[in-house]
Amino acid sequence: MMLLAPWMLLGLLALPVVWWLLHALPPAPRVQSFPPMALLRALNAPPPDATSAPLWRLLLRCAAVGLLVLGLAQPIFPRGQAGLADADCLIVVDDGWAAAGTWPQRIHALDGLLNHLSRTGHGARLLLTARSDALDPVTVQPTQQAQVLRGMIDPLLPRAWSADRTAATRALAQLAQQGWHGPVIYVSDGLATPADAAFGAALSKIGPVREMYLPGSDITLLAPPDGGENGLATRLRAVPRPHARTWHLRLETTTGGTLALVPATLPAGSDHVDITPDLPAELRNKVDHLSLDGVNGPGGVRLLDERERQRPVGLIFSTSSDTPLMGSLFYLRRALQPTAELREGDLDTLLARPLSVIIAPDGTLGSPDSRRKVEAWVRGGGTLIRFAGPLLVKGSDSPAPDPKPADTLLPVPLMGGERVLGGTMSWSRPEHLAPFPASSPFHDLDIPGDVTVSRQVLAQPSTDLDSHSWARLTDGTPLVTHAALGAGQVVLFHVTSTAEWSNLPLSGLFVGMLQHLIDEASGIETPAGATLLAPYMTLDGDGALVTPPAGAQALRADAFGHTAPTPEHPPGLYGPRNSRRALNPGDGPAPLVAQDTIGTASDLRGQVPDLAIGPMLMLLAALLLVVDGAISVLQRGRKWARRTTVAMLALACMPHGHAHAADIPPDVPRAALETRLAYIITGHADVDDVSKEGLQGLSDYVNARTSAVLGHPDGVVPERDDLSYYPLIYWPVTADATTTPARTAALNTYMRHGGILMIDTQGQDPATATDSGGSYTGSAPGTAAALRRMTAGLDIPPLARMDNHHVLSRTFYLLHDFPGRYDGMPVWVAQEGDSTNDGVSPVIIGSNDWAHAWAVDDSGNTPYAPVPDGAEQRVLAYRFGVNAVIYALTGNYKADQVHVPALLKRLGE
């Protein structure tokens, strides 16, 4: 033990004075009746002698004073400073992104080091290896006392870029030239860099090096996949370890909601694993960023930009579309599958759902009805991409054999016939592509020298043909033309979508051109390679988006995807909204390798602050004084004082808790003592957890906004548990759900006695999908058949689709829609007029996934994002849940209100 203020021990000299003052104690008062005055005068009572206090009482008071003096002397127990030199030292700290995951432990270790310096009266210099911003270089701070250094280190945060050990090496060389030498404490992040050899040598020149690191800590980084394809596919990189490790990739929206949690296991000895989340396009395009669950710092975050959004693209199907290598959709599928949400089918099927682009190969727009529907769709803002071919040349793909300018589904009028370049009967050769004009969306694409065109349909010459041409051949004839049509546009490739007329579909250029057209249709601009994109929001050391730091500079558009962040170009989002690009810590190509030890290695977890026992000693002294005061009150003999003291001590010693809880017999279910909702246990842990979290969130919402008081929800097994306690039971449908006679009988009894089953398929089965499902129906394969199996044998009355006239839509809130996590699907209830249960529907059946919308996790967050309307849709989902609970508790009292006018009239008579 050490004393930080030993001079306070002089207070112990006061103990003899305390002993002397406390040695004498007046006698305790006695009770005596009051005699006449004469008797008092005759009373010859001897003067009272002082009595000595008991020895234990004196020792108690002296102990209290002694503990108080010792506490004021600030005694401490040093911990974890073994081996530290008693001299001024140099503290070197890696504060790059790799240190962010264990930053609290590093600050804790530095606090212990500063305690040692403060106790020994020495100072230190500080060197941070990552630049604070683009304007400040890496420098060694002058020698400071421990308290000053503590004020500099405690508010520090890691940087969102890597440590610059090259710049740190130069700073150390300058320090050595100044003649300064001393012990070096190096707190490393454990990540190797190319400058480590020179950096270690520079540290050794200053003095003996003691490296503090965290053994076994994981350094992780989210990077784009090796193939470079866009979308949600990502690569988890980590420093290799001899054992397998598991993380969870969280897909989050802009509002913080979680759309999915994808597990990823990194095998032993491996440095990366590829993760490909599978989400519907409607949900996938809601993802704002990816993050590793439980990993702090920018290394565990990957921002997404518009390039990662997969736009829904419709391919019009024809009878010859599936012919391998020859079908009109063969090359289109392979070009678009990695970057777009492809939907194939006839025109009516495609137009039933929202689309960004429709691609029409040759011969797919032959009927006037199809052309009329497509024209209306394009005028509403869609983009039509057409391909030429023999049928377009013959005129079967247009209203007249010779297309005219009035043909709205062609961007330019075409000449009759086709142009043949090359061949056995031709003197000409296939033409190459000319450079793309600056106004073309393809302007940043490289043109391979081996791409040629052997046939094409020609556009009629006109004065404005250049303005409609996005791609040309070297002879100046158009290859790709476009024209606006209403709020949308029409694009025509003057060649086929197969390799019959050109080898363009065989090249990577074809993929890039289609992707740029899809981006163009979605309002995304493709900036030129030399265009500078200014920082919009950047990541800080905690992995949160903040305003750009001082000195942050714009970055060229062609540098994204392969440039590591720096203080000049911190990770974050760059550019205007319609051409925004994301720069992530994982974009750099450098591998993650463990750093070699420099000097003497030690575990920084053993470097902990000193244990201060002064506050504990003073608290103990205060308790002793309180005990002494209580004894003094008891000895005064006052009944009220004695009773008060005894009562206060009894209250202080009384165990806390609810007295009535122990009186409840163990065999009485909690649901019998308070109103609770219930859910049927499915056996799937993830589904059951969401059901519990959903009903808990709904119960809290009901408690906050109504006079109903609901307890915690219960999971039940119908054939085992008593269901009569629960007014409403939530039943999620899983694809493997089955039923038993005992379960069917229990549920029938429950419904006959007034209970309500809320059956939720949590999405729509693709096998039974209809147009009424809308765009945000979710996907729940196999639930349609499972629903039929589950409800077989249940006494379910005839059902009708619920509308805003049903009593359930107005039991508490007035509702017109009944969404959950998804929206647009019908909700089914018993037909109006059914006499069962006094007209109350015993079942509510839907597919909107209400539990996920209601769910609240242990941290109080709502982890699942409703689509498409986010927070507003969640409020509507909660309100529908409130209506369902009030409906289950009160029945059809709202329906009885329609008779109020007649009752009032009768009373008036």
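**Reading side-chain contacts**

Modeller: Let us begin with R676, which counts as buried at 10% relative accessibility. Please bear in mind that this is a predicted model.

Biologist: Which residue forms a salt bridge with R676?

Modeller: The partner of R676 is E674, and their closest N and O atoms are 2.7 Å apart. E674 is partly exposed, with a relative accessible area of 34%.

Biologist: How many salt bridges does the count give?

Modeller: A salt bridge requires a side-chain nitrogen of Lys or Arg within 4 Å of a carboxyl oxygen of Asp or Glu. By this rule, the count is 22 salt bridges. One of them joins R333 to E344, with 2.5 Å between the closest N and O atoms. Because R333 lies in helix α9 (residues 330–336) and E344 in strand β18 (residues 340–345), this pair ties together parts that are 11 residues apart in sequence. R333 is buried, at 10% relative accessible area, whereas E344 is partly exposed, at 36%.

Biologist: Is R720 buried or exposed?

Modeller: R720 is exposed, with a relative accessible area of 58%. This residue forms a salt bridge with D721, the closest N and O atoms being 3.2 Å apart. D721 is partly exposed, at 26% relative accessible area.

Biologist: Which residues are linked in a network of salt bridges?

Modeller: Such a network links D94, R165, D189 and D196.

Biologist: How many aromatic pairs does a search of the whole structure find?

Modeller: The search finds 13 aromatic pairs. In one of them, the ring centres of F560 and Y574 are 5.4 Å apart and the planes are at 65°, so the pair is edge-to-face. F560 lies in the loop between β31 (555–556) and β32 (572–574), and Y574 lies in strand β32, so the pair ties together parts that are 14 residues apart in sequence. F560 is buried, with a relative accessible area of 6%, and Y574 is buried at 0%.

The rings of F818 and F880 have centres 5.6 Å apart and planes at 55°, so this pair is tilted. It links distant parts of the chain, 62 residues apart: F818 is in the loop between β40 (799–801) and β41 (828–830), and F880 is in helix α20 (residues 870–890). Both F818 and F880 are buried.

Biologist: Which residues form one aromatic cluster?

Modeller: F387, F493 and F510 form that cluster.

Biologist: Where does the charged end of R705 sit?

Modeller: The charged end of R705 sits over the ring of Y701, 3.9 Å from its centre. R580 lies over the face of Y536, at 3.9 Å from the ring centre.

Conventions. Residues are numbered from 1 along each chain as its sequence is written. This is a predicted model: local features need pLDDT of at least 70, side-chain atom pairs count only at pLDDT 80 or more; totals for chains, interfaces and linings use all residues. Side-chain values use heavy atoms; hydrogens and water are left out. Helices (H or I, at least four residues) and strands (E, at least two) are DSSP runs, numbered from the N terminus. Buried means under 20% relative accessible area, exposed over 50%, partly exposed in between (1.4 Å probe, protein chains only). Rings of Phe, Tyr and Trp (its six-membered ring) pair if their centres lie within 6.5 Å; planes under 30 degrees apart count as stacked, over 60 as edge-to-face and the rest as tilted. A charge sits over a ring if NZ of Lys or CZ of Arg is within 6 Å of the ring centre and within 35 degrees of the ring normal.
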